[in-house]
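Biologist: I'd like to learn how to read salt bridges in a model. Could you walk me through them?

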Amino acid sequence: MKALKITALIAGAVFFLALAGGIVLGVAGAGDGLRGLIDDIRSAETGLYHTVSDDRTATLEGIDRIRVEAGDADIVIRRSERGDAGIHLTTAGADPEDTLRISSEDGALRLKVQSPRRWWFFGFLRRRVTAELTLPSNWRGALTVAAGAGELRLEGEHAFTRLDLDVAAADARLDTVTADAVGVNIGAGRLTSDSLSAGSLKLEVGAGEARLGGLTGSVDASIGAGDAALTFDRLSAAVTV
């Protein structure tokens with residue numbers, strides 16, 4: 001019986017070694033595939049340490065609506081005295097051409113920012129992308145931002161006819177915002193603000209968190225399993241929860 005067990009173990013070991021040798025030979029024979037894997041690993045390592053910057057300009061003549069789709073990229077929006085919209089893109093090892101798409105149609109400007117992913121040994125490696133959007137200080141249109149899993153910042157003072165924020169799993173912060181109407185939808189993300197003055201605010205919180213200070217105007221809030229803390233400076237209508 002012992003001899004039979006030893007024979008079985010030896011046979012299993014021989015089979016394993018033969019299988020492993022076949023895999024090694026197969027990979028070695030597919031030289032292009034092996035080199036491609038090595039290139040992917042090097043690209044991933046490069047992406048961890050090296051950054052690439054790119055600057056773009058988009059005219060806002062005739063534009064009254066801007067939509068930013070952020071995916072899991074980081075977005076910073078601020079104001080300046082320049083006449084057009086400026087986009088400064090910083091990527092970690094990713095090609096800016098594959099990261100930012102700009103299009104305009106029927107008075108709407110659309111910016112789509114995405115973080116390319118590359119397969120690595122332990123799954124998919126995210127290439128960190130930051131897009132800084134600078135708007136003219138006198139532009140007062142409608143802004144929509146769909147933030148996925150990155151960070152969103154509206155720095156400084158902003159004024160819009162309408163502001164819509166869709167915060168899926170992102171961490172979003174507003175400094176000072178004035179708008180005729182504001183719509184906020186928070187999934188599992190987090191939104192904080194110092195001062196939010198809106199004629200009307202519609203707030204929906206799923207499993208996320210909202211910390212909104214300096215509120216003025218009417219508020220219609222729907223809170224699910226998440227958490228919301230609202231601080232009011234002045235109310236022009238009743239709060240509906």
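Predicted model: local features only at pLDDT ≥ 70, side-chain atom pairs only at ≥ 80, totals over all residues.

Biologist: Is Arg211 buried, partly exposed or exposed, and what is its relative accessibility?

Modeller: Buried means under 20% relative accessible area, exposed over 50%, and partly exposed lies in between (1.4 Å probe, protein chains only). Arg211 counts as partly exposed because its relative accessibility is 27%. Residues are numbered from 1 along each chain as its sequence is written, and side-chain values use heavy atoms, leaving out hydrogens and water.

Biologist: Which residue meets Arg211 in a salt bridge?

Modeller: Side chains of opposite charge can pair when their charged atoms come close. A salt bridge here is a side-chain nitrogen of Lys or Arg within 4 Å of a carboxyl oxygen of Asp or Glu. Arg211 meets Asp227 at 2.6 Å, N to O. This pair links strand β14 (residues 209-223) to strand β15 (residues 227-234), 16 residues apart; strands are DSSP runs of E, at least two residues, numbered from the N terminus. Asp227 is partly exposed, at 37%.

Biologist: Which residues make up the salt-bridge network?

Modeller: Arg190, Glu209, Arg211 and Asp227 are linked in it.

Biologist: How many salt bridges does the whole structure have?

Modeller: The search finds 17. Among them, Arg56 pairs with Asp54 at 2.6 Å, and Arg56 is buried, at 19% relative accessible area.

Technical notes:
Helix = DSSP H or I, 4+ residues; strand = E, 2+ residues; numbered from the N terminus.
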